[in-house]
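Student: I would like to go through the terms used for this model and see what each one rests on.

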Amino acid sequence: MNKENGFEYNYSAKQQKEIEAIKKKYVQIPSDSTEDKMETLRRLDRSAERKGTIWGLVLGLSGTLLFGTGMSFVLVWTDVLMLQGILLGIVGVALIVPAYPVYRSITKREREKLAPRILALTKELEDSF
């Protein structure tokens, strides 16, 4: 059809979903919806463990890398880098050991900080059913 006399219409479901997803990031959603409260509750629950997980992984992985490097020094260059390898291994173990307690303590602190909001949301959700 001639563009001067008519119109052209294109529809893409995939594109429409993407537009809606982007729109949700910027539009404030009313908080009276049960589904939105449930999403908020899930997000808060995930965020309570996120910081502890990151710090635990950083400590554990860096300690493991240092321990492995020290072990390589000891096994490959026994005559040259034995002492440095042993020291690196000790430093690596010193980082690996506190990884889980650091995770637990940070997660506990974050849960205590988020507890009032989570408990208020759970009470609202329980009352709505």
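The questions and answers below take the terms one by one.

Tutor: This is a predicted model, where local features need pLDDT of at least 70, side-chain atom pairs count only at pLDDT 80 or more, and totals for chains, interfaces and linings use all residues. Residues are numbered from 1 along each chain as its sequence is written, and side-chain values use heavy atoms, with hydrogens and water left out.

Student: Why is Thr107 called buried?

Tutor: Its relative accessible area is 3%. Buried means under 20%, exposed over 50% and partly exposed in between, with a 1.4 Å probe and protein chains only, so Thr107 is buried.

Student: What is Thr107 in contact with, leaving aside its neighbours within four places in sequence?

Tutor: Ala48, Glu49 and Gly52; contact means heavy atoms within 4.5 Å.

Student: What makes a nonpolar core, and which residues form the largest one?

Tutor: A nonpolar core is a set of buried Ala, Val, Leu, Ile, Met, Phe, Trp, Tyr and Cys residues joined through side-chain atoms within 4.5 Å. The largest here has 7 residues: Leu41, Leu44, Ala48, Leu114, Ile118, Leu121 and Leu125. Helix H2 (34-76) and helix H4 (99-128) each give two or more residues to this core, and H4 gives the most, with 4 residues. Helices are DSSP runs (H or I, at least four residues), numbered from the N terminus.

Student: Which residues does Leu121 touch, not counting those up to four places away in sequence?

Tutor: Leu121 touches Lys37, Thr40, Leu41 and Leu44.
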